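This report goes through the two chains in turn. Please keep the sequence and the 3D view open while reading.

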Amino acid sequence: MTSLLDTEEEIMLRDAARGFLDGAAPIAALRANRDAGRPHDPGLWREMAQMGWAGVLVPEDAGGAEMGHRAAGILSQEMGVTLAASPFLSTAVIAATALRHAAGARARDALAGIAAGETTYALALDEGARHAPEHTALRAERAGNGYRLSGSKTFVADGSTATRVLVLARTGGAPGEAEGLSLFDIDAERAGLSRARLDTVDARDHARLDFDAVEATGDDLLGEADGAMRLLRPALDAGQAALAAELAGLANGISAMTLGYLRERRQFERAIGSFQALQHRAAHLWAEIEVTTSAIANAGRVLDQTPDDATLAVSLAKARATKTADLAVREGIQMHGGIGMTDDHDAGFYMKRARVGAEWLGDYGYHAARVAAARGF
Amino acid sequence: MPAPAIEPEQFRTQISDWIMANCPASLRNQPMSEDSIVWGGRRWTFRDDDQRLWLERARQQGLTAPRWPTEYGGGGMTRDQEKILREEMGRLGAPPPLESFGLWMLGPALLAFGNEAQKARHLPPITRGEIRWCQGYSEPGAGSDLANVQTRAEDMGDHYLVNGQKVWTSYADRADWIFALVRTDRDAPKHKGISFLLMDMETPGITTRPIRLISGKSPFCETFFDNVKVPKENLVGEVNRGWDIAKYLLTHEREMIGGGARGLLGGRSLGAFIDDLDDGALTDPVIRTEAMAAEVDTLAFAMTMERYKDHAEAGGGVGNASAMLKYYGTELNKRRYELLMSAAGSDALEWDGPHGTLAAEWLRTKANSIEGGTSEVMLDIIAKRVLELPSA
């Protein structure tokens with residue numbers, strides 16, 4: 001395994017991303033989006049696409065920048081620092097990875113649409129309150145040359161705004177089985193598909209999708225029938241690693257805000273950051289963040305080098321990042337005191353996004369169990 | 001050993017071939033235990049011939065100190081090569097041929113601060129396991145406040161005269177030489193009057209007394225200095241600048257103690273160790289949950305050790321951040337041993353029971369977060385020097 005340190009190129013990418021996001025997507029932008037009832041700013045996504053972020057995993061021959069998973073993680077991490085909302089994870093990471101694993105001109109065109117910033121995707125996967133792809137019950141029944149999709153999906157990230165939907169459907173087997181699942185790539189406006197945005201705590205786009213006999217052609221089937229996992233597994237690996245990176249960035253963001261507050265807030269005629277009780281907690285949090293940073297870098301490296309054997313690295317990153325972000329936001333709110341409880345202050349945004357990130361694509365228990373399984377117990 | 005220019009994969013093959021051909025079969029894939037460690041020294045007796053043979057063969061190849069220059073008995077390896085060596089030894093279950101404070105601490109200090117004569121005299125016997133060193137840092141009044149050392153070394157013209165007492169000197173009763181912090185200027189501010197002195201433990205006036213610990217073992221001693229005459233050539237670096245060396249070594253020590261969490265289980269999963277103790281323990285939901293969490297943290301911590309070493313190697317240094325490795329690694333190690341004890345249940349409660357010395361090892365880990373700087377001192381260092389939080 002190569003070094004987990006950032007290369008010079010990666011440092012440049014990180015600095016450039018930080019500079020851009022501080023100007024174009026500060027937390028004030030998230031607040032403005034929320035107050036306007038807008039899950040994200042399409043103009044921001046166009047700018048990200050122009051910088052090559054939408055095509056971070058798209059091959060060059062499809063117009064992408066093909067920078068790889070470590071780079072995607074760095075971008076995601078920096079977005080986490082200021083809680084920048086965008087279709088990046090759903091579209092540029094998850095959908096792009098699934099499409100890369102589906103051969104053919106159709107997938108290539110779809111990738112080109114992603115890289116250009118024209119197409120955005122949502123992955124319609126889970127049907128219950130926990131991440132469990134194999135529990136898919138939504139049926140895709142043969143109908144003529146195509147399929148008819150019926151069922152419901154919930155907690156679909158970017159589900160109300162995406163132009164296309166990747167939907168996991170059952171073409172065989174029974175809920176609970178990993179076999180018999182197929183992945184469809186359909187237009188989000190297709191007849192019979194209704195989308196209802198959920199009013200979630202993080203003010204981002206999560207939706208419930210109801211499929212009422214939605215027609216899908218054979219051409220809409222991505223990859224082979226009953227072969228969704230061949231595409232979905234790498235797509236989820238990529239998404240989980242990038243989400244972990246976002247959570248690590250989120251921990252960096254709230255931690256920096258909290259340290260700033262510890263230095264400036266005065267009580268008992270001294271800066272509260274001079275109290276050892278708070279210093280030790282801040283130092284412990286920093287240690288946790290450092291350890292998580294390594295797991296994030298490792299997941300990116302493994303996905304770039306040995307993507308077929310990435311489960312351990314990815315789940316390690318998501319488990320660590322979930323725990324660390326949780327600690328960072330709890331300490332952040334507590335150390336800010338009353339001001340951190342007010343909506344006028346930004347600390348709460350971190351706590352709400354951390355909670356959503358903890359659940360999305362598998363919670364701590366899900367990923368810790370996968371680490372244990374990969375380690376033989 | 002092979003030239004540094006060799007390709008990593010070729011190097012890996014050569015190393016593993018060499019280990020398989022030279023590491024005696026009786027030593028391979030054995031559980032770590034007290035008597036499997038070779039410390040060396042004038043009075044060392046090998047447990048068996050294979051232990052002696054393994055040290056002899058390894059040191060001829062410079063493998064006891066892989067990264068030291070070859071002229072001092074080292075292997076002259078790059079960091080990546082050393083990493084491969086470590087990985088292959090772990091994979092093939094070959095034990096370290098030699099462990100010692102000379103290898104871990106004094107050697108790096110001499111390479112950084114010693115003069116040519118000191119390096120040529122002291123380094124090769126360390127790599128051959130002929131001289132065993134101990135560390136004389138703490139004193140009754142200098143624990144967390146280490147710079148408060150009071151052991152005096154008076155300049156008598158042609159020699160130093162040392163008087164005072166050290167405590168927590170690891171294996172002082174079995175060591176041949178000691179490297180110690182001594183006060184050479186009593187009027188200077190406390191950090192500025194300390195020097196780094198080497199002393200032969202056979203010098204008249206040095207006595208040791210073992211301290212019995214809660215684990216029943218006595219790995220530490222009190223060491224007394226009563227009018228000990230020490231040649232002036234034994235002072236390392238500049239007089240009154242010993243604190244620089246002490247800080248440098250503490251960084252090393254902290255990384256090393258912190259790394260115990262990884263070295264302990266040598267790449268095996270915590271689940272596998274628990275399974276060995278009691279093959280039903282992992283069905284207990286609490287033990288299972290805690291084991292999964294500890295495994296997650298252990299793997300991520302091992303990666304962090306590597307990342308920090310890479311950073312140091314790239315010239316970035318680790319410095320105050322080594323406090324994090326020390327803090328995190330030792331707390332993690334304690335957590336892992338608590339879990340092993342829970343998994344083994346009442347079978348772990350005898351001093352020498354079904355699981356050997358597990359109870360003593362568990363108790364020993366409680367010192368990890370005290371020795372080399374307490375967890376609380378580490379958190380202070382992080383808060384003040386890394387996070388730059390304000391002083392009171």
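In chain A, 60% of the 377 residues are buried (under 20% relative accessible area; over 50% is exposed and in between is partly exposed, with a 1.4 Å probe and protein chains only). The model is predicted: local features need pLDDT of at least 70 and side-chain atom pairs pLDDT 80 or more, whereas totals for chains, interfaces and linings use all residues. Residues are numbered from 1 along each chain as written, chains are lettered from A and ligands numbered from 1 in written order, and side-chain values use heavy atoms, without hydrogens and water.

Of the chain A contacts (heavy atoms within 4.5 Å) with a separation of 6 or more, 73% are between residues 24 or more positions apart.

**Chain A: fold, size and surface**

Chain A contains 12 helices and 10 strands (DSSP runs numbered from the N terminus: H or I of at least four residues for helices, E of at least two for strands). Its radius of gyration is 21 Å, which agrees with the value near 21 Å for a compact globule of 377 residues (taken over C-alpha atoms; the rule is 2.2 Å times the number of residues to the power 0.38). The C-alpha trace of chain A spans about 80 × 45 × 40 Å along its principal axes.

The accessible surface of chain A is about 14300 Å², with 51% belonging to carbon and sulfur atoms (Shrake-Rupley method, 1.4 Å probe). Chain A carries 39 positive and 51 negative side chains, and the centres of these sets are 5 Å apart (Lys and Arg are positive, Asp and Glu negative; His and the chain ends are not counted). Each charge is placed at NZ of Lys, CZ of Arg, CG of Asp or CD of Glu.

**Chain B: overall**

Chain B has 12 helices and eight strands. For its 392 residues the globule rule gives 21 Å, and the radius of gyration of chain B is 21 Å, so chain B is as compact as a globular protein of that length. Its C-alpha trace spans about 65 × 50 × 40 Å along the principal axes.

Buried residues are 54% of the 392 in chain B. The accessible surface of chain B is about 17100 Å², 51% of it from carbon and sulfur atoms.

**Chain B: helix 8**

Helix 8 of chain B covers residues 270-277, and L270(B), G271(B), I274(B) and L277(B) are buried there. These residues lie on the same side of helix 8 of chain B because they cover an arc of only 120° around the axis (the arc of the directions from the helix axis to the C-beta atoms).
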